[in-house]
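The entries follow in the order I made them.

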Amino acid sequence: MLIRRKLERAMSRAITDFEMIAEGDRIMCAVSGGKDSYAMHMLLVDLARRAPVRFSVIAVNIDQGHPGYPGHLLRDYMAGGNHEFMMVAEDTYSIVTEKIPENKTYCSLCSRLRRGILYRLAQELGCTKIALGHHRDDAINTLMLNLVFAGQLKAMPPKLIADDGRNVVIRPLIYCAEDDLAAFSTEMAFPIIPCDLCGSQENLQRKAISRLLADLESRSPGVRQNMLAALGNVRPSHLFDKGLWRKLGLEVAHEAADVDGTASENVVPPTRLLRGTA
């Protein structure tokens, strides 16, 4: 169970670093039936049994009306473990397929609709936090998508307050590598429910970025881990955000090391950055 301990340590670090869980929290664990949400649920439930703070976990799944949706797989799994679980039927599938042309990406609208439902349910169930199963690779892919296609330098916040001002969203797996989650899923034989709606769209920008990063990783192992380290080692003075410069009272940048180490002032060695990350 080495892979499980690795994921537990990575999740615990993320929870600690960003103070994701507090005494008395009731956490809605959004489970899609995919490998990531299964792993997140199992790890959170186990953590609730041994953590120094008391919190509870309720798993929530949304049956979005996809034809042939095998929701029984998730229901049987949750019942078998005697987990607190709720499945809610909301036909977002019809809305998405009606509003979005077949050759366009469904993900954005589908995600917004699903998120709105989760926000509403969190209030109805008295949940203080909503846990989503985004992992390290999701954050890195989002960073690259925003950089390449949106002209923004941002990834995924580990913890955020929703636009409604009432719901707090946490991402406990944000330090966890997707390969580790996939290996854990195979080890635990989770009954996976595929996402046939968006999974059939092979030309998504996100998939193109994933292929690019996979190629870089094959050429230079550790690329993704270095990118995760970079997200926690930001040099605002070396970016071009004028508003950020003003907020931080910056007037001039100070020299820092390039990737080849030609200027060594104020350098944090890469080995130190990576130590203790997932």
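I began with the contact (heavy atoms within 4.5 Å) between two helices: Arg-136, Asp-137, Ile-140, Leu-143 and Met-144 in helix 6 meet Arg-224, Gln-225, Met-227, Leu-228 and Leu-231 in helix 10. I sorted the residues of this contact by class and got six nonpolar, one polar and three charged. Here Ala, Val, Leu, Ile, Met, Phe, Trp, Tyr, Cys and Pro count as nonpolar, Asp, Glu, Lys and Arg as charged, and the others, Gly among them, as polar.

A note on the source: this is a predicted model, in which local features need pLDDT of at least 70 and side-chain atom pairs count only at pLDDT 80 or more, while totals for chains, interfaces and linings use all residues. Residues are numbered from 1 along each chain as its sequence is written, and side-chain values use heavy atoms, with hydrogens and water left out.

I then took the geometry. Helix 6 (residues 136–150) and helix 10 (residues 223–231) pack at about 75°, and their axes are 10 Å apart. I therefore list helix 6 as roughly perpendicular to helix 10 (65 to 115 degrees; under 35 is roughly parallel, over 145 roughly antiparallel, the rest oblique). Axes are lines fitted to C-alpha atoms, for helices over the stretch in contact, and angles run from 0 to 180 degrees between N-to-C directions. Helices (H or I, at least four residues) and strands (E, at least two) are DSSP runs, numbered from the N terminus.

Next I looked for nonpolar cores, meaning sets of buried Ala, Val, Leu, Ile, Met, Phe, Trp, Tyr and Cys residues joined through side-chain atoms within 4.5 Å. Buried is under 20% relative accessible area, exposed over 50%, and partly exposed in between (1.4 Å probe, protein chains only). The largest core has 39 residues, with Ile-21 and Leu-44 having the most contacts inside it. Helix 2 gives the largest share of this core, eight residues. Outside four places in sequence, I found Ile-21 in contact with Ile-15, Ile-27, Leu-44, Leu-47, Val-53, Phe-55, Lys-129 and Ile-170. A second, separate core of 16 residues includes Met-28, Ile-62, Val-88 and Cys-127.

I checked cysteines. Cys-29 is buried at 0% relative accessible area, and Cys-176 is buried at 1%. I found zero disulfides (pairs of cysteine sulfur atoms within 2.5 Å).

Last, I looked up Gln-205, which lies in helix 9 (residues 205–219). Gln-205 is partly exposed at 44%. Beyond four places in sequence, Gln-205 contacts Leu-145 and Phe-149.
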